[in-house]
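Take a look at the model below.

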Amino acid sequence: MEVDTMPQHDDKRRRLLGRLSQQLAYTAPVLALMAGGAALHATTINASTDSGYGPVSEETLLLASNHAQGEAEAEAEGEAEAEAEGEAEAEAEGEGEAEAEGEAEAGDRSAVERPEGYTPGYSEDGENAPALLALGEELFNDPSLSTTGLSCASCHAGDTGYLETFEQPYPHRVAMGENLFGMEMVHADEMVQMCMVSPMAAEALGWDSEELAALSAYVVEVQRRYAGEPHNL
């Protein structure tokens, strides 16, 4: 003889729904996603059975659960978006600071502009000793002056790579001096220093050094030759 278990099952189901109805009288379920959403757990606050609230249907329970789940997921997404925005802002701020530091370094003219009380160690009129010019030519072709493996001759071999302003005697306007350092007029020794700290990525030469005097004298000589003026080389 078979025993019909359906009435017992329905009775247990009704009792369970009754308890859940009383618990929902004060709070909605708090859901947590487990194992990638495979299982849902509800935590509720117990309430008195005589709260005065009537039973809640299965549909209402399901709606409450879905609503709580949606709120939890929305809150998680909001926190993730806020964290991503915070990281993006921090990265942008770091890039902005690095860019500002780079601009400040590139625009520092103190390393390339003649210091106060400076006296050139060469003649700006082109009357320089052959030994000084010979040393200048040697340094002009020396890549060890740079940190990039370049020499002055890498960009200006055979008197090439100069702008039209190079036809004018020093001091004259130089695009790099104007654009990077805000200098309207540039002397030959200042031009050497600009090339040292910018394309050659090295330290500026000492203002009283023989290297600066020799390179500057050679640059004056190259300028005179480029412009078709009398020169010593």
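A salt bridge here is a side-chain nitrogen of Lys or Arg within 4 Å of a carboxyl oxygen of Asp or Glu. Keep in mind that this is a predicted model. Side chains of opposite charge can pair when their charged atoms come close.

Start with Asp159 and Arg225. Their side chains meet in a salt bridge, 2.8 Å from N to O. The two residues sit 66 places apart in the chain. Asp159 lies in the loop between H4 and helix H5 (175-181), while Arg225 belongs to helix H7. How accessible is Asp159? Its relative accessibility is 21%, so Asp159 counts as partly exposed. Arg225 has a relative accessible area of 28%, and is partly exposed.

How many salt bridges does a search of the whole structure find? The search gives five. Now go to Arg114. Arg114 pairs with Glu124, and the closest N and O atoms are 3.0 Å apart. Both residues lie in the loop between helix H2 (58-106) and H3, 10 residues apart. Glu124 is partly exposed, at 31% relative accessibility. Arg114 is partly exposed too, with a relative accessible area of 22%.

Arg114 also forms a salt bridge with Asp189, at 3.1 Å from N to O. Asp189 lies in helix H6 and Arg114 in the loop between H2 and H3, so this pair ties together parts 75 residues apart in sequence. Is Asp189 buried or exposed? Asp189 has 0% relative accessibility, so it counts as buried. The cut-off for buried is under 20%. Through shared partners, salt bridges join Arg114, Glu124 and Asp189 into one network.

Next comes the nonpolar core. The largest one has 36 residues. Which residues have the most contacts inside it? They are Tyr122, Phe140, Met191, Val192, Met194, Met196 and Leu215. H7 supplies the largest share, nine residues.

Zoom in on Met191, one of the residues with the most contacts inside this core. Which residues does Met191 touch, not counting those up to four places away in sequence? The partners are Tyr170, Val174, Met176 and Val186.

H7 holds Arg225, the partner of Asp159, and gives the core nine residues.

Definitions and conventions
Residues are numbered from 1 along each chain as its sequence is written. This is a predicted model: local features need pLDDT of at least 70, side-chain atom pairs count only at pLDDT 80 or more; totals for chains, interfaces and linings use all residues. Side-chain values use heavy atoms; hydrogens and water are left out. A nonpolar core is a set of buried Ala, Val, Leu, Ile, Met, Phe, Trp, Tyr and Cys residues joined through side-chain atoms within 4.5 Å. Buried means under 20% relative accessible area, exposed over 50%, partly exposed in between (1.4 Å probe, protein chains only). Helices (H or I, at least four residues) and strands (E, at least two) are DSSP runs, numbered from the N terminus. Contact means heavy atoms within 4.5 Å.
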